[in-house]
Amino acid sequence: MSHEAERREASDRASGSERSERHASHEDPTGGRILDRSEREPREASRHAGHEGASEASGLGQGEREPSEARRHASHEADRREASNGASGSAPDADLSFEGRARADGSVGARNHVLVLPSVICSHMVADRIADRVPGAVSAPHDHGCAQIGADNEQTERTFRGVARNPNVAGTVVVGLGCEHVQSDAVADRLDDAGERVRELSIQGVGGTDPTVARGARAAGELVEAAADERVTAGADALTVGIVATDLAAGTVAEAAPLVGAFADAVVAAGGRVVAAGSEPLIAHPEAAREAAADDATAADVETLLDRHESHPPKARAVHRAAADRSFAAATRAWGDQPIREVCDYGAPASLDRGLAVVDAPSEFAEAATGLVAAGAQVIVHVTDEGVPTGHPVAPVVKVTGNEATYAALPDDVDVDATTAAVADLRERVAAVLDGDPSCAERHGVDDFAITRVGPSL
């Protein structure tokens, strides 16, 4: 874990303890919990009175605070952009600029989604029904949140927060059942404290499926109305591109990975960030992975990643075997020629100013994509030999294949044919998608959401 990640986790733990104490003093007098943040009970309203005054002054709605953490983060984002511009020594690359929505923390979203997030597998159907009723809302169904312990439980909750804080998310409705390990109110509390627009309700607390769908749709509709629709022009310094290669086939290594890697280098040269998922090449080539670190602190984080996987078989075994048969450079070519400047725990946001960060995620698409979104990626470039038709509910996915036959067979499912495209073509396609042009996956409505696991659940 990086020093920045350790600092953030320590802050989150401290905040969590504080919130637990607050919740203990805000039990509903009837014995139930306060469940719907859009309809706070008087005592809770009193608890937030000071914040609401500030919210009114800032134009935020009821229950939508702008706490000190959010202001600090906004300041950090401004500092990051300034430092990035200074480092590049020039204006942001016009080819990588995009029209997005400004967020309160200083980031810029390429989409304007309201996320309906089930905190447990038991509430995912309700979350789907809520999202289906509200244009502009997306759901993220999964099979987590219950019977998970230790590091698995922490990782799931961390991932919820990371995904909900992605710049593409304008607000979140957290939907729980009421008896799960990862409680919906705890997730919502942390998002609320981080300055995110959030509503929360549980099926048991509201009184069943139908009333929860009705109230959840009303809450999601409020967040859609509150979402900023005015666009701003952002440069590459506001851009985080996610990259995952889900295979190391011959076409991928020879055609697609060099193209995507050159694009990744262009993003970094222009002042942006690249986050890459797929731990298998690091595990297959541990010495080369250590040498790829930009400094001693990052090398220590790479070592921690290697230690974490030492006694566990790789999840994407085919990619691991293929990586072992190739050089480290060939297996990671899609990441570009940049040194690794940060190693992100799965579910944690990237904190580097510019350059390459590696997310400790398997190369399986759905799990990798969620890890990249939690790290902050507004768009994901998926290198796929077979043109696997997958997407993600939060970030648009641009598919690139190095297999000419695959592109010929799936021209409507693959965005870029690496056998004929130049780097400028990929830049142009990604820029168009960032501006709002739907990717192939978005046009087909495919959106896969999954969270990787540390170990077995009970």
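This is a predicted model: local features need pLDDT of at least 70, side-chain atom pairs count only at pLDDT 80 or more; totals for chains, interfaces and linings use all residues.
Reader: How is a pair of packed helices described?

Author: Two numbers are used for packed helices: the angle between the axes and the distance between the axes. In this model, helix α10 (residues 250-269) packs against helix α18 (residues 423-434) at about 65°, and their axes are 9 Å apart. α10 is therefore roughly perpendicular to α18.

Reader: What is the handedness of the crossing of α10 and α18?

Author: The crossing is right-handed. On the α10 side the contact is made by L259, V260, A262, F263 and A266. On the α18 side V423, L426, R427 and V430 take part.

Reader: How many nonpolar, polar and charged residues does the contact of α10 with α18 have?

Author: That contact has 8 nonpolar residues, 1 charged residue and no polar ones.

Reader: At what angle do α6 and α16 cross, and within what distance do their axes come?

Author: Helix α6 (residues 150-164) and helix α16 (residues 365-375) cross at roughly 60°, with axes that come within 7 Å. This crossing is left-handed. T159, G162 and V163 of α6 meet T370, V373 and A374 of α16. By class, the contact has 3 nonpolar and 3 polar residues, and no charged ones.

Reader: How many disulfides does the structure hold?

Author: In general, a disulfide is a covalent bond joining the sulfur atoms of two cysteines. The structure holds 0 disulfides.

Reader: Are C122 and C440 buried, partly exposed or exposed?

Author: C122 has a relative accessibility of 45%, so C122 counts as partly exposed. For C440 the value is 3%, so C440 counts as buried.

Reader: Why does R101 count as buried?

Author: The cut-off for buried is under 20% relative accessible area. R101 counts as buried because its relative accessibility is 9%. R101 lies in strand β1 (residues 98-102). With neighbours within four places in sequence left aside, R101 is in contact with S107, V108, G109, A110 and N112, and also with A228, D229, E230 and R231.

Reader: Where does D105 lie, and is D105 buried or exposed?

Author: D105 lies in the loop between β1 and β2 (108-109). Its relative accessible area is 11%, so D105 is buried. D105 and P167 are 62 residues apart along the chain, and their C-alpha atoms are separated by 9.0 Å.

Reader: In which element does A276 lie, and what does A276 contact?

Author: A276 lies in strand β9 (residues 273-277). Its relative accessibility is 0%, so A276 counts as buried. Apart from neighbours within four places in sequence, A276 is in contact with I243, W335, L356, A357, V358, V359 and L372. A276 and A361 are 85 residues apart in sequence, with a C-alpha to C-alpha distance of 9.0 Å.

Reader: How far apart are G391 and V446 in sequence and in space?

Author: They are 55 residues apart in sequence and 5.1 Å apart in space, C-alpha to C-alpha. G391 lies in the loop between β12 (379-383) and β13 (397-401). G391 has a relative accessible area of 1%, so G391 is buried.

Reader: Which residues does G391 touch, not counting those up to four places away in sequence?

Author: G391 touches F365, V397, A441, V446, D447 and D448.

Note on methods:
Residues are numbered from 1 along each chain as its sequence is written. Side-chain values use heavy atoms; hydrogens and water are left out. Axes are lines fitted to C-alpha atoms, for helices over the stretch in contact, and angles run from 0 to 180 degrees between N-to-C directions. Helices (H or I, at least four residues) and strands (E, at least two) are DSSP runs, numbered from the N terminus. Angles under 35 degrees count as roughly parallel, over 145 as roughly antiparallel, 65 to 115 as roughly perpendicular and the rest as oblique. A crossing is left-handed if the near helix is turned anticlockwise from the far one by less than a right angle, and right-handed if clockwise. Contact means heavy atoms within 4.5 Å. Ala, Val, Leu, Ile, Met, Phe, Trp, Tyr, Cys and Pro count as nonpolar, Asp, Glu, Lys and Arg as charged, and the others, Gly among them, as polar. A disulfide is a pair of cysteine sulfur atoms within 2.5 Å. Buried means under 20% relative accessible area, exposed over 50%, partly exposed in between (1.4 Å probe, protein chains only).
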